[in-house]
Amino acid sequence: MTEILSPPTHRDEAWRYADLDALAPVWPDIAGQREDIVVAAGETASRQLILESSDPNVAVKTLSVRIEKDARFALHCLANAADYGRIAVEVTLGEGAHFELGGAILGTASQTLEIVTDVRHAEPGGTSNQTVRSVLGGKATGSYLGKVAVARDAQKTDASQSVKAMLLDRTATANAKPELEIFADDVKCAHGATVGELDKAALFYMASRGITPAEARALMLQAFIADAFVSLDDDAAREAIEAKALAILEAIT
Amino acid sequence: MLKIDNLHAEIGGTPILKGLSLEIGAGEIHAVMGPNGAGKSTLAYVLGGRDGYEVTQGSVTYNGIDLLDMAPHERAAAGLFLGFQYPVEIPGVSNVQFLRSALNAQRKVRGEEPLSGAEFLKLAREQASALKMDAEMLKRAVNVGFSGGEKKRNEMVQMGIIDPTFAILDETDSGLDIDALRTVGQGINTIMRKPDKAVLLITHYQRLLDVVKPDFVHVLAGGRIVKTGGAELALVLEEQGYEAIAEAA
């Protein structure tokens, strides 16, 4: 079985994102962590998810979310745990509904971490906004696959995706892939991605003011991933997830 | 205070500084002027310890200690301040956060207690107001969306907060309008014109030197100091240009 359990995500294009269904026969539990969420019409719900697992090898969490008419759902998550970690979110939006995703992928060593979203704008006037920030060191691979499907009737859909990755080492890999499937003709679907390294000029600027290299990196990384959590309105919840992210960053940098 | 002896430095194998010597004592303000490409900014970066600026020969001591042996943040903690010609933007990091981290990092090295948030804010507001910078700008990300003049003003606010003993100011006057130039110049005087401090002022123009009166003016050309004089030398340069002076030297 070990040969099948070798990294489920490969670096070549065709196999970049794990196909969990293909693994199910030999690894029944892999898709076991599935949770259904329904946000009733007009309601607002918020969820923070930190990927955790008792198994150091694998951590997978799948959310299936239905956001009904004029409802809002915000998910803020950290993909950090296990050698192979994945947060998968399937979302179906009703008329005028909104989906907000803020995610951070924080990986080191030989971790393979993924955030995979499948957002279906099924009715008119739905909006979605996805912001993912990755910080990757060692030989880690962090991937975001964001699928947005706009149904024929879902006019006035406004969907956007922003993905940025910071590589701490040249051996780390970041993937970002928007996948748009649009059948309506009056929609806005924006997507943007960047992959970069810490700005050396900024690090020197900070050092010239007396900030130690470790603290300078921490300040910059903290600012970088903060983008993913600005949309979290609840101050206490935002501070909690940022603190957790910071602790992970400290451990991996 | 600062002693530069026969300094040679190169960037990517290209020699820029070719035997520069300069001694700056406590209480002195030295202006270094020179044509483009003379090595003025290289001198500032070498003293600041920027990566990629390799010293191949010579020495720099600061209060008797080998400066070149120290990491950039250690130099800052030792009292050195580098005012940037092009201050760097740091998205997402507020001025307050940045400066408080900087000041407290320096205080820690010196064995002093860190400043509390409230103490720091009071100090920051005082310095901002002394340099006529809107205190609201302290909350904004470091230099992000600042105009050229605001960035330079912000450098001086930082200098006021950090209160260094030795400042290297690299073309702090460029990009400033006449009023801002006077404000910044007066800021330099207020913060640095003290018997136990010193300044190395790198500039192209005489105008700043009308406000910040230098004790010595040096002409840097071809990677070396080719002429040294008093404040009057800047006036001669303004009139005759660098070429005449560099050639005569």
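B:Asp163 is partly exposed, because 16 other C-beta atoms lie within 10 Å; a residue counts as buried with 20 or more other C-beta atoms within 10 Å of its own, as exposed with 12 or fewer, and as partly exposed in between, the C-beta atoms being placed from the backbone. This is a predicted model, in which local features need pLDDT of at least 70, side-chain atom pairs count only at pLDDT 80 or more, and totals for chains, interfaces and linings use all residues. Residues are numbered from 1 along each chain as its sequence is written, while chains are lettered from A and ligands numbered from 1 in the order in which they are written.

**Confidence**

- The predictor assigns the complex an ipTM of 0.95 and a pTM of 0.87.
- The average pLDDT of chain B is 93, and 99% of the residues score at least 70; pLDDT is the predictor's confidence in each residue, from 0 to 100.

**Helix α5 of chain B and the residue that follows**

- B:Asp163 lies in the loop between α5 (148-162) and β9 (166-170) of chain B; helices (H or I, at least four residues) and strands (E, at least two) are DSSP runs, numbered from the N terminus.
- Just after α5(B), B:Asp163 takes a positive phi of about 55°, although B:Asp163 is a residue other than glycine.
- The 15 residues of α5(B) should span 21 Å at 1.5 Å a residue, and the end C-alpha atoms are 21 Å apart, which agrees; the expected span is 1.5 Å times one less than the number of residues.
- α5(B) is mostly covered, with 12 of its 15 residues buried; among them are B:Glu150, B:Arg153, B:Met156, B:Val157 and B:Ile161.
- The buried residues of α5(B) pack against β6 (80-83), α3, α4 (117-130), β9 and α6 (178-192) of chain B; two residues are in contact if their C-beta atoms, placed from the backbone, lie within 7 Å.

**An open sheet in chain B**

- Four strands of chain B form an open sheet in the order β2-β1-β4-β5, with antiparallel pairing; two strands pair if DSSP finds at least two bridges between them.
- The edge strands of this sheet are β2 (14-24) and β5 (65-66) of chain B, each of which pairs on one side only.
- Strand β4 (residues 53-62) of chain B is joined to β5(B) by two bridges in the antiparallel sense, and B:Thr61 has B:Asp66 as its bridge partner in β5(B).

**Nonpolar cores**

- The largest nonpolar core holds 82 residues, of which B:Val32, B:Ala167, B:Val199 and B:Leu201 touch the most other members; such a core is a set of buried Ala, Val, Leu, Ile, Met, Phe, Trp, Tyr and Cys residues joined through C-beta atoms within 7 Å.
- A second, separate core has 60 residues, including A:Ala59, A:Ala71, A:Ala122 and A:Ala176.
- Apart from neighbours within four places in sequence, B:Val32 is in contact with residues including B:Lys40, B:Leu43, B:Leu200, B:His218 and B:Leu220.

**Chain A**

- Five helices and 12 strands are found in chain A, and buried residues make up 42% of its 253 residues.
- Of the contacts in chain A with a separation of 6 or more, 81% are between residues 24 or more positions apart.
- Eight of the 10 residues of β6(A) are buried, so this strand is largely enclosed by the rest of the structure.
- β6(A) pairs in the parallel sense with strand β4 (residues 72-79) of chain A over eight bridges; A:Ala79 has A:Ile105 as its partner.
- β6(A) also runs parallel to strand β8 (residues 127-136) of chain A, joined by 10 bridges, and A:Gly102 is partnered with A:Thr131 in β8(A).
- The loop between β6 (98-107) and β7 (112-121) of chain A holds A:Ala109, which has a positive phi of about 50° although it is not a glycine.
- A:Ala109 counts as exposed because it has 11 C-beta neighbours inside 10 Å.
- Helix α4 (residues 213-226) of chain A has 14 residues that should span 20 Å at 1.5 Å a residue, and its end C-alpha atoms are 20 Å apart, which agrees.
- The buried residues of α4(A) are A:Ala216, A:Leu219, A:Leu221, A:Phe224 and A:Ile225.

**Where the chains meet**

- The contact takes 21 residues from chain B and 18 residues from chain A.
- On the side of chain B that touches chain A, the elements giving two or more residues are α2 (72-77), β7 (90-94), α3 (95-109) and α5 of chain B.
- α3(B) gives the most to that side, with five residues.
- The residues of the side of chain B that touches chain A comprise 12 nonpolar, seven polar and two charged; Ala, Val, Leu, Ile, Met, Phe, Trp, Tyr, Cys and Pro count as nonpolar, Asp, Glu, Lys and Arg as charged, and the others, Gly among them, as polar.
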